[in-house]
Amino acid sequence: MSTLWLSPLIACVLAQLTYRVPYVLGIDPGAIPGFVYTEQGQVSALDINITMDLTFIVFTFGSMLVAIQIASAQLSPRIIVTALLRDNTIRIVVGMFAYGLVISLGARNRTETIPDFVISIAALWGLVSVVAFLFLIDYAARLLRPLSIVRRMADRGLKEFADVYPEAAGWQPDLPRLHADALPEGRTVAHAGRSGFILAVNIRVLVAGAARSGGILELVPQVGDFVATGRPLLVVRGGNGLLDDRHLLGQVAFGPERTIEQDSIFAFRVFVDIAIKALSPAINDPTTAVTAIDQLQRLLQDVGRRYLHGETIPDAAGQPRLILRTPNWEDFVQLSCSEIRYYGASNFQIARKLQAMLLDLMHELPQYRAPILQREMDLLKETLDRSFVVPADRELARIADSQGLGGSIVRE
(Lines give C-alpha, C1' and ligand atoms only; values in the text may rest on other atoms or scores of the structure.)
Protein backbone atom coordinates (compact mmCIF):
# COMPACT_ATOMS: atom_id res chain seq x y z
CA MET A 1 0.00 0.00 0.00
CA SER A 2 2.96 2.35 0.45
CA THR A 3 4.84 1.69 -2.81
CA LEU A 4 5.04 4.16 -5.69
CA TRP A 5 6.49 1.65 -8.16
CA LEU A 6 3.36 -0.51 -8.39
CA SER A 7 1.33 1.98 -10.42
CA PRO A 8 4.06 2.59 -13.08
CA LEU A 9 4.61 -1.16 -13.33
CA ILE A 10 0.93 -1.79 -14.07
CA ALA A 11 0.96 1.11 -16.54
CA CYS A 12 3.94 -0.38 -18.38
CA VAL A 13 2.13 -3.72 -18.75
CA LEU A 14 -1.01 -2.00 -20.06
CA ALA A 15 1.04 0.02 -22.52
CA GLN A 16 2.71 -3.14 -23.81
CA LEU A 17 -0.71 -4.71 -24.35
CA THR A 18 -2.01 -1.55 -26.04
CA TYR A 19 0.47 -1.63 -28.90
CA ARG A 20 1.56 -5.28 -29.03
CA VAL A 21 -1.89 -6.88 -29.31
CA PRO A 22 -3.01 -4.78 -32.32
CA TYR A 23 0.48 -5.09 -33.84
CA VAL A 24 0.50 -8.90 -33.62
CA LEU A 25 -3.15 -9.40 -34.60
CA GLY A 26 -3.12 -6.73 -37.32
CA ILE A 27 -6.05 -4.82 -35.81
CA ASP A 28 -6.36 -1.22 -37.02
CA PRO A 29 -9.68 0.65 -36.54
CA GLY A 30 -8.04 3.72 -38.05
CA ALA A 31 -6.53 6.90 -36.71
CA ILE A 32 -8.44 9.03 -34.20
CA PRO A 33 -9.86 12.17 -35.89
CA GLY A 34 -7.65 15.14 -35.12
CA PHE A 35 -4.62 12.93 -34.56
CA VAL A 36 -3.83 11.92 -38.15
CA TYR A 37 -0.17 12.46 -39.06
CA THR A 38 2.15 11.98 -41.95
CA GLU A 39 5.05 9.57 -41.51
CA GLN A 40 7.37 12.41 -40.51
CA GLY A 41 4.69 13.86 -38.24
CA GLN A 42 4.30 10.54 -36.47
CA VAL A 43 8.02 10.41 -35.70
CA SER A 44 8.02 14.00 -34.43
CA ALA A 45 4.93 13.50 -32.25
CA LEU A 46 6.31 10.33 -30.67
CA ASP A 47 9.73 11.93 -30.04
CA ILE A 48 8.03 14.87 -28.32
CA ASN A 49 5.93 12.53 -26.18
CA ILE A 50 8.97 10.51 -25.11
CA THR A 51 10.84 13.67 -24.12
CA MET A 52 7.85 15.09 -22.23
CA ASP A 53 7.04 11.92 -20.31
CA LEU A 54 10.68 11.41 -19.30
CA THR A 55 10.81 15.02 -18.11
CA PHE A 56 7.54 14.67 -16.20
CA ILE A 57 8.67 11.46 -14.48
CA VAL A 58 12.05 12.88 -13.47
CA PHE A 59 10.52 16.15 -12.27
CA THR A 60 7.74 14.40 -10.37
CA PHE A 61 9.97 12.01 -8.49
CA GLY A 62 12.65 14.63 -7.88
CA SER A 63 10.22 17.22 -6.55
CA MET A 64 8.36 14.64 -4.47
CA LEU A 65 11.59 13.51 -2.81
CA VAL A 66 12.45 17.10 -1.91
CA ALA A 67 8.92 17.82 -0.73
CA ILE A 68 8.82 14.67 1.38
CA GLN A 69 12.13 15.55 3.01
CA ILE A 70 10.93 19.05 3.83
CA ALA A 71 7.57 17.84 5.12
CA SER A 72 9.14 15.14 7.27
CA ALA A 73 11.64 17.63 8.71
CA GLN A 74 8.98 20.22 9.52
CA LEU A 75 6.23 17.84 10.66
CA SER A 76 7.13 14.20 11.30
CA PRO A 77 8.93 11.45 9.33
CA ARG A 78 6.02 9.12 10.14
CA ILE A 79 3.79 10.98 7.70
CA ILE A 80 5.83 9.83 4.68
CA VAL A 81 4.36 6.34 4.46
CA THR A 82 1.04 7.10 6.10
CA ALA A 83 -0.01 10.28 4.34
CA LEU A 84 2.16 10.79 1.25
CA LEU A 85 3.30 7.55 -0.35
CA ARG A 86 -0.23 6.12 -0.14
CA ASP A 87 -1.81 8.95 -2.07
CA ASN A 88 -3.69 7.38 -4.99
CA THR A 89 -3.77 10.58 -7.03
CA ILE A 90 0.03 10.76 -7.17
CA ARG A 91 0.21 7.06 -8.05
CA ILE A 92 -2.30 7.39 -10.88
CA VAL A 93 -0.60 10.43 -12.41
CA VAL A 94 2.83 8.78 -12.29
CA GLY A 95 1.28 5.70 -13.90
CA MET A 96 -0.11 7.88 -16.67
CA PHE A 97 3.36 9.23 -17.42
CA ALA A 98 4.80 5.71 -17.51
CA TYR A 99 1.99 4.55 -19.81
CA GLY A 100 2.62 7.40 -22.26
CA LEU A 101 6.36 6.81 -22.23
CA VAL A 102 6.17 3.08 -22.93
CA ILE A 103 3.52 3.28 -25.62
CA SER A 104 5.41 6.10 -27.38
CA LEU A 105 8.66 4.12 -27.26
CA GLY A 106 6.94 1.04 -28.65
CA ALA A 107 5.26 2.95 -31.45
CA ARG A 108 8.42 4.93 -32.26
CA ASN A 109 10.33 1.75 -33.05
CA ARG A 110 7.56 0.45 -35.32
CA THR A 111 6.22 3.54 -37.10
CA GLU A 112 6.12 1.76 -40.45
CA THR A 113 4.17 -1.28 -39.28
CA ILE A 114 2.29 -0.19 -36.14
CA PRO A 115 -1.46 0.46 -36.62
CA ASP A 116 -2.33 4.14 -37.08
CA PHE A 117 -4.76 4.21 -34.17
CA VAL A 118 -1.95 3.20 -31.74
CA ILE A 119 0.06 6.23 -32.86
CA SER A 120 -3.06 8.37 -32.43
CA ILE A 121 -3.48 7.01 -28.89
CA ALA A 122 0.16 7.84 -28.10
CA ALA A 123 -0.25 11.39 -29.43
CA LEU A 124 -3.51 11.88 -27.54
CA TRP A 125 -1.90 10.57 -24.39
CA GLY A 126 0.81 13.22 -24.74
CA LEU A 127 -1.82 15.94 -24.35
CA VAL A 128 -3.37 14.07 -21.42
CA SER A 129 0.04 13.89 -19.76
CA VAL A 130 0.52 17.65 -20.06
CA VAL A 131 -2.84 18.27 -18.34
CA ALA A 132 -2.05 15.66 -15.69
CA PHE A 133 1.33 17.25 -15.00
CA LEU A 134 -0.19 20.70 -14.49
CA PHE A 135 -2.82 19.18 -12.22
CA LEU A 136 -0.15 17.33 -10.23
CA ILE A 137 1.80 20.52 -9.53
CA ASP A 138 -1.28 22.20 -8.10
CA TYR A 139 -2.37 19.06 -6.22
CA ALA A 140 1.04 18.46 -4.64
CA ALA A 141 1.32 22.09 -3.57
CA ARG A 142 -2.01 21.80 -1.75
CA LEU A 143 -1.29 18.34 -0.39
CA LEU A 144 2.01 19.28 1.26
CA ARG A 145 0.59 22.13 3.31
CA PRO A 146 0.70 21.27 7.03
CA LEU A 147 -3.06 21.70 7.37
CA SER A 148 -3.78 19.32 4.49
CA ILE A 149 -1.42 16.67 5.84
CA VAL A 150 -2.76 16.72 9.38
CA ARG A 151 -6.36 16.67 8.16
CA ARG A 152 -5.63 13.70 5.91
CA MET A 153 -3.95 11.90 8.79
CA ALA A 154 -6.91 12.61 11.06
CA ASP A 155 -9.33 11.23 8.47
CA ARG A 156 -7.31 8.01 8.34
CA GLY A 157 -7.37 7.83 12.12
CA LEU A 158 -11.14 8.24 12.26
CA LYS A 159 -11.54 5.47 9.72
CA GLU A 160 -9.43 3.13 11.84
CA PHE A 161 -11.46 3.99 14.95
CA ALA A 162 -14.60 2.96 13.09
CA ASP A 163 -12.99 -0.38 12.23
CA VAL A 164 -11.42 -1.13 15.63
CA TYR A 165 -14.24 0.32 17.78
CA PRO A 166 -17.44 0.03 15.70
CA GLU A 167 -19.87 0.33 18.62
CA ALA A 168 -21.04 3.64 20.06
CA ALA A 169 -20.33 4.34 23.73
CA GLY A 170 -23.14 3.86 26.20
CA TRP A 171 -23.55 5.38 29.62
CA GLN A 172 -21.50 2.68 31.32
CA PRO A 173 -17.69 2.63 31.47
CA ASP A 174 -15.66 0.29 29.27
CA LEU A 175 -14.87 -3.19 30.51
CA PRO A 176 -11.77 -3.47 32.72
CA ARG A 177 -8.64 -5.11 31.40
CA LEU A 178 -8.12 -8.80 31.97
CA HIS A 179 -5.56 -10.30 34.31
CA ALA A 180 -3.54 -13.29 33.19
CA ASP A 181 -4.17 -15.01 36.54
CA ALA A 182 -7.83 -15.39 35.61
CA LEU A 183 -7.00 -17.33 32.43
CA PRO A 184 -6.15 -21.02 32.05
CA GLU A 185 -2.54 -22.09 31.65
CA GLY A 186 -1.19 -22.21 28.12
CA ARG A 187 1.82 -22.68 25.90
CA THR A 188 3.77 -19.78 24.41
CA VAL A 189 4.39 -19.34 20.69
CA ALA A 190 7.51 -17.25 20.06
CA HIS A 191 8.01 -14.89 17.13
CA ALA A 192 10.12 -16.79 14.57
CA GLY A 193 10.46 -14.18 11.83
CA ARG A 194 12.44 -11.00 11.46
CA SER A 195 12.22 -8.47 14.27
CA GLY A 196 9.76 -5.67 13.59
CA PHE A 197 6.58 -3.86 14.53
CA ILE A 198 3.21 -5.59 14.62
CA LEU A 199 1.19 -3.98 11.84
CA ALA A 200 -2.04 -5.99 11.85
CA VAL A 201 -3.65 -9.17 13.11
CA ASN A 202 -6.00 -11.48 11.19
CA ILE A 203 -8.65 -11.47 13.90
CA ARG A 204 -11.22 -13.51 11.99
CA VAL A 205 -8.86 -16.42 11.33
CA LEU A 206 -7.49 -16.48 14.87
CA VAL A 207 -10.97 -16.46 16.39
CA ALA A 208 -12.10 -19.23 14.05
CA GLY A 209 -9.02 -21.33 14.86
CA ALA A 210 -9.51 -20.89 18.61
CA ALA A 211 -13.17 -21.85 18.26
CA ARG A 212 -12.30 -25.06 16.40
CA SER A 213 -9.79 -26.05 19.06
CA GLY A 214 -12.03 -25.03 21.94
CA GLY A 215 -9.36 -22.78 23.48
CA ILE A 216 -8.39 -19.13 23.83
CA LEU A 217 -5.60 -17.30 21.98
CA GLU A 218 -3.79 -14.37 23.56
CA LEU A 219 -1.69 -11.91 21.61
CA VAL A 220 1.02 -10.96 24.10
CA PRO A 221 2.16 -7.61 22.59
CA GLN A 222 -0.14 -4.90 21.31
CA VAL A 223 -0.52 -3.83 17.69
CA GLY A 224 2.21 -1.25 17.14
CA ASP A 225 4.67 -2.88 19.56
CA PHE A 226 8.17 -3.86 18.48
CA VAL A 227 8.77 -7.62 18.80
CA ALA A 228 12.25 -9.10 18.55
CA THR A 229 12.90 -12.56 17.15
CA GLY A 230 12.32 -15.23 19.78
CA ARG A 231 10.12 -13.05 22.00
CA PRO A 232 6.66 -14.33 23.07
CA LEU A 233 4.00 -13.50 20.51
CA LEU A 234 0.98 -15.73 21.21
CA VAL A 235 -0.21 -17.83 24.11
CA VAL A 236 -2.51 -20.78 23.39
CA ARG A 237 -4.70 -21.37 26.43
CA GLY A 238 -6.78 -24.52 26.71
CA GLY A 239 -8.22 -26.38 23.75
CA ASN A 240 -7.34 -29.69 22.14
CA GLY A 241 -3.83 -28.63 21.08
CA LEU A 242 -4.51 -28.94 17.32
CA LEU A 243 -3.49 -25.36 16.45
CA ASP A 244 -0.37 -25.23 14.29
CA ASP A 245 2.25 -22.70 15.40
CA ARG A 246 3.29 -21.75 11.85
CA HIS A 247 -0.33 -21.12 10.92
CA LEU A 248 -0.80 -18.90 13.97
CA LEU A 249 2.38 -16.94 13.29
CA GLY A 250 1.24 -16.31 9.73
CA GLN A 251 -1.81 -14.40 11.00
CA VAL A 252 0.30 -11.58 12.49
CA ALA A 253 1.80 -9.08 10.03
CA PHE A 254 5.14 -7.41 10.79
CA GLY A 255 6.92 -4.48 9.22
CA PRO A 256 9.94 -2.19 9.70
CA GLU A 257 7.82 0.72 10.99
CA ARG A 258 4.39 1.33 12.43
CA THR A 259 1.41 2.02 10.18
CA ILE A 260 -2.07 3.22 10.97
CA GLU A 261 -3.94 -0.02 10.09
CA GLN A 262 -5.39 -1.53 13.29
CA ASP A 263 -2.99 0.69 15.29
CA SER A 264 -5.63 2.96 16.75
CA ILE A 265 -3.20 5.05 18.80
CA PHE A 266 -0.67 5.69 16.02
CA ALA A 267 -2.56 8.71 14.65
CA PHE A 268 -2.34 10.31 18.10
CA ARG A 269 1.39 9.59 18.16
CA VAL A 270 1.90 11.37 14.83
CA PHE A 271 -0.01 14.49 15.88
CA VAL A 272 1.82 14.69 19.19
CA ASP A 273 5.15 14.42 17.33
CA ILE A 274 4.08 17.22 14.98
CA ALA A 275 3.07 19.43 17.90
CA ILE A 276 6.20 18.95 20.01
CA LYS A 277 8.47 19.36 16.97
CA ALA A 278 6.72 22.65 16.15
CA LEU A 279 7.31 23.73 19.74
CA SER A 280 11.06 23.03 19.63
CA PRO A 281 13.32 26.12 19.81
CA ALA A 282 14.74 25.26 16.38
CA ILE A 283 11.33 25.63 14.71
CA ASN A 284 9.23 27.67 17.17
CA ASP A 285 5.92 27.35 15.30
CA PRO A 286 3.14 27.23 17.93
CA THR A 287 0.42 27.78 15.33
CA THR A 288 1.25 24.44 13.71
CA ALA A 289 1.13 22.89 17.18
CA VAL A 290 -2.35 24.39 17.68
CA THR A 291 -3.39 22.86 14.36
CA ALA A 292 -2.20 19.46 15.59
CA ILE A 293 -4.13 19.92 18.85
CA ASP A 294 -7.26 20.68 16.80
CA GLN A 295 -6.94 17.26 15.17
CA LEU A 296 -6.17 15.59 18.51
CA GLN A 297 -9.38 17.05 19.87
CA ARG A 298 -11.24 15.77 16.83
CA LEU A 299 -9.83 12.27 17.38
CA LEU A 300 -10.55 12.32 21.12
CA GLN A 301 -14.13 13.40 20.50
CA ASP A 302 -14.63 10.48 18.15
CA VAL A 303 -12.92 7.79 20.22
CA GLY A 304 -14.57 9.09 23.41
CA ARG A 305 -17.98 8.43 21.88
CA ARG A 306 -17.07 4.85 21.03
CA TYR A 307 -17.25 1.74 23.15
CA LEU A 308 -13.65 0.81 23.88
CA HIS A 309 -14.38 -2.88 24.15
CA GLY A 310 -12.66 -5.20 26.53
CA GLU A 311 -9.68 -7.20 25.43
CA THR A 312 -11.65 -10.39 24.78
CA ILE A 313 -13.08 -10.99 21.30
CA PRO A 314 -15.81 -13.70 21.22
CA ASP A 315 -16.80 -16.12 18.49
CA ALA A 316 -20.24 -16.37 16.90
CA ALA A 317 -21.54 -18.29 19.92
CA GLY A 318 -20.40 -15.59 22.34
CA GLN A 319 -17.51 -17.59 23.81
CA PRO A 320 -14.23 -15.68 24.38
CA ARG A 321 -11.65 -16.81 21.82
CA LEU A 322 -9.05 -14.05 21.35
CA ILE A 323 -7.40 -11.67 23.81
CA LEU A 324 -6.28 -8.63 21.83
CA ARG A 325 -5.12 -5.69 23.92
CA THR A 326 -6.07 -2.24 22.67
CA PRO A 327 -5.50 1.23 24.17
CA ASN A 328 -8.05 2.44 26.70
CA TRP A 329 -9.39 5.95 27.22
CA GLU A 330 -6.66 6.92 29.68
CA ASP A 331 -4.00 5.93 27.14
CA PHE A 332 -5.49 8.18 24.46
CA VAL A 333 -5.85 11.19 26.78
CA GLN A 334 -2.41 10.90 28.38
CA LEU A 335 -0.68 10.55 25.02
CA SER A 336 -2.58 13.56 23.65
CA CYS A 337 -1.79 15.87 26.58
CA SER A 338 1.29 14.91 28.57
CA GLU A 339 4.15 15.63 26.16
CA ILE A 340 2.52 18.70 24.64
CA ARG A 341 1.93 20.06 28.15
CA TYR A 342 5.53 19.38 29.10
CA TYR A 343 7.05 21.08 26.05
CA GLY A 344 4.46 23.77 25.38
CA ALA A 345 2.89 24.93 28.65
CA SER A 346 5.15 28.00 28.69
CA ASN A 347 3.59 29.13 25.39
CA PHE A 348 0.37 31.14 25.67
CA GLN A 349 -1.25 29.57 22.61
CA ILE A 350 -0.61 26.00 23.72
CA ALA A 351 -1.67 26.56 27.32
CA ARG A 352 -4.94 28.21 26.34
CA LYS A 353 -5.68 25.76 23.53
CA LEU A 354 -5.10 22.70 25.73
CA GLN A 355 -7.48 24.06 28.35
CA ALA A 356 -10.13 24.74 25.70
CA MET A 357 -9.75 21.21 24.34
CA LEU A 358 -10.10 19.58 27.77
CA LEU A 359 -13.12 21.69 28.72
CA ASP A 360 -14.88 20.96 25.43
CA LEU A 361 -14.28 17.23 25.84
CA MET A 362 -15.60 17.25 29.41
CA HIS A 363 -18.77 18.99 28.25
CA GLU A 364 -19.41 16.81 25.19
CA LEU A 365 -18.42 13.28 26.26
CA PRO A 366 -20.09 10.93 28.75
CA GLN A 367 -19.39 11.73 32.40
CA TYR A 368 -17.29 8.62 32.98
CA ARG A 369 -14.78 10.03 30.47
CA ALA A 370 -14.28 13.15 32.61
CA PRO A 371 -11.95 12.05 35.49
CA ILE A 372 -8.81 11.64 33.38
CA LEU A 373 -9.64 14.89 31.54
CA GLN A 374 -9.99 16.73 34.85
CA ARG A 375 -6.70 15.24 36.03
CA GLU A 376 -4.95 16.54 32.93
CA MET A 377 -6.54 19.94 33.51
CA ASP A 378 -5.22 20.02 37.08
CA LEU A 379 -1.75 19.02 35.93
CA LEU A 380 -1.81 21.74 33.29
CA LYS A 381 -2.72 24.40 35.83
CA GLU A 382 0.06 23.26 38.14
CA THR A 383 2.49 23.47 35.25
CA LEU A 384 1.29 26.97 34.38
CA ASP A 385 1.86 28.13 37.94
CA ARG A 386 5.50 27.04 37.67
CA SER A 387 6.02 28.31 34.12
CA PHE A 388 4.67 31.86 34.49
CA VAL A 389 6.19 33.97 37.24
CA VAL A 390 4.46 37.22 36.33
CA PRO A 391 0.87 37.14 37.70
CA ALA A 392 -0.56 38.92 34.65
CA ASP A 393 1.01 36.35 32.30
CA ARG A 394 -0.22 33.51 34.49
CA GLU A 395 -3.74 34.90 34.41
CA LEU A 396 -3.61 35.26 30.63
CA ALA A 397 -2.32 31.71 30.20
CA ARG A 398 -5.10 30.24 32.36
CA ILE A 399 -7.82 31.41 29.93
CA ALA A 400 -9.23 28.62 27.76
CA ASP A 401 -9.17 29.82 24.15
CA SER A 402 -10.26 27.78 21.10
CA GLN A 403 -7.52 29.34 18.93
CA GLY A 404 -4.87 29.75 21.57
CA LEU A 405 -4.95 33.52 21.23
CA GLY A 406 -7.80 35.45 19.66
CA GLY A 407 -10.44 32.71 19.55
CA SER A 408 -13.60 31.91 21.46
CA ILE A 409 -13.22 31.87 25.22
CA VAL A 410 -14.37 28.59 26.77
CA ARG A 411 -15.86 28.92 30.26
CA GLU A 412 -15.56 26.21 32.90
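**Entry 1: the sheet.** I began with strand 2 (residues 196-201) and found it joined to strand 4 (residues 226-227) by two bridges, the two running antiparallel. My strands are DSSP runs of E with at least two residues, and my helices are DSSP runs of H or I with at least four residues, numbered from the N terminus. Strands pair if DSSP finds at least two bridges between them. I looked up Phe197 and found its bridge partner in strand 4, Phe226. Strand 2 also pairs with strand 6 (residues 252-255), antiparallel again, over four bridges. There, Ala200 stands opposite Ala253 of strand 6.

**Entry 2: a reminder to myself.** This is a predicted model, where local features need pLDDT of at least 70 and side-chain atom pairs count only at pLDDT 80 or more, while totals for chains, interfaces and linings use all residues. Residues are numbered from 1 along each chain as its sequence is written, and side-chain values use heavy atoms, with hydrogens and water left out.

**Entry 3: the cores.** Which residues touch the most other members of the largest nonpolar core? I found Phe268, Leu300, Val303, Trp329 and Ile340, out of 59 residues. A core here is a set of buried Ala, Val, Leu, Ile, Met, Phe, Trp, Tyr and Cys residues joined through side-chain atoms within 4.5 Å. Buried is under 20% relative accessible area, exposed is over 50%, and partly exposed is in between (1.4 Å probe, protein chains only). Helix 9 gives the most to this core, with 10 residues. I then followed Val303: not counting residues up to four places away in sequence, its contacts (heavy atoms within 4.5 Å) include Phe161, Phe268, Trp329 and Arg369. Another core, of 19 residues, lies apart from the largest one, and Leu219 and Val227 are among its members.

**Entry 4: helix 1.** Leu9 is found in helix 1 (residues 6-25). I noted Leu9 as partly exposed because its relative accessibility is 46%.

Entry 5: Most residues other than glycine have a negative phi. Asn284 is not a glycine, yet I read a positive phi of about 55° for it. I found Asn284 in the loop between helix 9 (266-278) and helix 10 (286-304). Is Asn284 buried or exposed? Asn284 counts as exposed, because its relative accessibility is 55%.
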